Structures are given as structure tokens and as C-alpha cells.
Amino acid sequence: EWSGDFGVGSQYFSQQAVSRLLPGAGIELPQQMPLAERLIEVQALMAKGDARARRIYQAIGVYLGYGVAHFADFYTIENVLVLGRVTSGEGGEVILAGARQVLKDEFPALAEKRATPSTLLSGGQQQMVAIGRALMSNPKLLLCDELSLGLAPLVVREIYAALPRIKGEGAAVVAVEQDTGQAMRIADRLY
């Protein structure tokens with residue numbers, strides 16, 4: 001990592017993240033350009049309404065939304081959202097809006113308890129945190145073992161409602177599940 005601070009999110013919530021997302025967004029900048037200058041260029045493009053720059057900030061926002069579920073083990077969401085230079089300007093608003101939307105869409109129970117450490121959440125809400133933690137690495141395969149075990153039916157429905165969206169974003173989902181009715185509703189294949 002550029003900062004030398006491993007495990008603090010600088011790979012995904014920083015000028016390094018912006019730089020890593022440049023090729024996918026279709027923005028070409030010189031390789032020798034320092035990270036801080038690349039960020040300034042992307043911020044300038046964002047200020048001009050460039051859709052490619054907006055995609056970079058949207059990607060960071062989605063990642064942050066899933067990351068919040070993990071960081072909630074240690075901090076309240078208000079603390080996690082203090083991100084520095086990357087969140088300045090319109091791009092920062094896009095990041096925060098994207099993170100809130102992911103929480104609302106994927107983890108509605110967590111979105112309602114934004115300032116609650118996950119250690120104080122119910123078992124089902126902690127299960128959502130675990131899924132969010134797994135999704136932080138943008139996996140190609142998500143393995144789920146007994147998603148519904150011991151959870152309230154409402155929470156099980158929320159978790160299963162998130163799985164098709166996760167699958168739609170490109171991750172394959174393999175679930176070992178005792179609740180065959182839930183599994184059959186979302187499965188492409190059953191074994």
C-alpha cells in the first residue's frame with residue numbers, strides 16, 4: 001500500500017483506489033503521475049460532469065457500502081465515513097450516496113441501525129454483516145453455509161432477497177441450506 005498502513009482501507013477508499021479504477025473507467029493518465037495528481041485530475045473531470053469520473057466514485061461508494069458492514073465491528077458508521085481527500089467535492093457526495101444506497105438495498109436492517117456497533121446487533125443482522133464482509137473482496141464465488149439457521153423469518157427473507165442482487169453483480173453463490181423452500185426460490189441449480 002502507498003501509505004504503509006495495511007488494513008485501514010487505503011487500498012479501496014483513497015487516491016490509490018481512484019488510480020486503480022482509472023483503466024476500468026476508460027481514463028488514461030501517465031503511469032509516472034503521482035497518485036495525488038491523478039486524484040486531482042479525476043476531481044477536475046468530475047467537476048466537468050465526466051461520466052467516467054462519476055463511475056470511479058460510484059464504484060468506491062458501492063465498495064464502501066459493503067465495507068461499512070465489516071468496519072461496523074469496530075466503529076460506528078459516522079466514523080467510517082471520514083475518508084479525507086477522496087470524499088471532497090461532488091465525488092465525495094457520490095461515494096457517500098452510493099454507500100447509503102448499498103446499505104439500504106442490501107442490508108436494510110443495518111441501514112436503520114447505522115450508528116450501532118455490530119456487536120450489539122441481532123444474529124440476523126450479524127449474518128448480514130458477515131455477508132457484507134465477504135462481499136468486500138468482490139468475490140467471484142460466495143459460499144454460504146446455513147444462512148437461515150436460528151434466524152427470524154423476516155431476517156431470512158431479507159438475506160435471501162439480497163442474494164439475487166449479489167448474483168446479478170457477477171458473483172456466483174453456493175448455499176448449503178436447510179430451508180429448501182428459500183433455496184429453491186433463488187437457485188439456478190439444486191443438488
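This tour moves through the structure one selection at a time.

The model is predicted, with local features requiring pLDDT of at least 70 and side-chain atom pairs counted only at pLDDT 80 or more, while totals for chains, interfaces and linings use all residues. Residues are numbered from 1 along each chain as its sequence is written, and side-chain values use heavy atoms, with hydrogens and water left out.

**The whole chain**

Begin by selecting the protein chain, which holds 9 helices and 2 strands. Helices (H or I, at least four residues) and strands (E, at least two) are DSSP runs, numbered from the N terminus. Followed along the sequence, the pattern reads α-α-α-α-α-α-α-β-α-β-α. The chain has 191 residues, of which 42% count as buried; buried means under 20% relative accessible area, exposed over 50%, and partly exposed in between (1.4 Å probe, protein chains only).

Now display the surface. The accessible surface of the chain comes to about 10,500 Å², and carbon and sulfur atoms hold 55% of this area. Accessible areas come from the Shrake-Rupley method with a 1.4 Å probe; for residues, only the protein chains shown count as cover. Among contacts with a separation of 6 or more, 61% are between residues 24 or more positions apart. Contact means heavy atoms within 4.5 Å.

**Helices 1 and 2**

Select residues 15–25 for helix 1 and residues 35–47 for helix 2; their axes come within 9 Å and cross at roughly 70 degrees. Helix 1 is therefore roughly perpendicular to helix 2. Axes are lines fitted to C-alpha atoms, for helices over the stretch in contact, and angles run from 0 to 180 degrees between N-to-C directions. Angles under 35 degrees count as roughly parallel, over 145 as roughly antiparallel, 65 to 115 as roughly perpendicular and the rest as oblique.

The crossing of helix 1 and helix 2 is left-handed, a term for a near helix turned anticlockwise from the far one by less than a right angle, whereas clockwise is right-handed.

Show side chains next. On helix 1, Gln 15, Gln 16, Val 18, Ser 19 and Leu 22 meet Leu 35, Ala 36, Arg 38, Leu 39 and Val 42 of helix 2. The residues of this contact comprise 6 nonpolar, 3 polar and 1 charged. Here Ala, Val, Leu, Ile, Met, Phe, Trp, Tyr, Cys and Pro count as nonpolar, Asp, Glu, Lys and Arg as charged, and the others, Gly among them, as polar.

The buried residues of helix 1 are Gln 15, Gln 16, Ala 17, Val 18, Ser 19, Leu 22 and Ala 25. Just after helix 1, select Gly 26, whose phi is positive at about 85 degrees.

**Asp 105**

Asp 105 is in helix 5 (residues 89–106). Asp 105 counts as partly exposed because its relative accessibility is 35%. Draw a distance to Arg 165, 60 residues apart along the chain: the C-alpha atoms are separated by 9.1 Å.

**Asp 145**

Move to strand 1 (residues 141–145), where Asp 145 lies. With a relative accessible area of 58%, Asp 145 is exposed. Asp 145 and Glu 177 are 32 residues apart in sequence, and 6.5 Å apart from C-alpha to C-alpha.

Select Ala 162 in helix 8 (residues 153–168). Ala 162 is buried, at 5% relative accessible area. Its C-alpha atom is separated by 9.4 Å from that of Met 128, 34 residues apart along the chain.

Finish at Gln 182 in helix 9 (residues 180–186). Gln 182 is buried, with a relative accessible area of 10%. Neighbours within four places in sequence aside, Gln 182 is in contact with Val 156, Arg 157 and Tyr 160.
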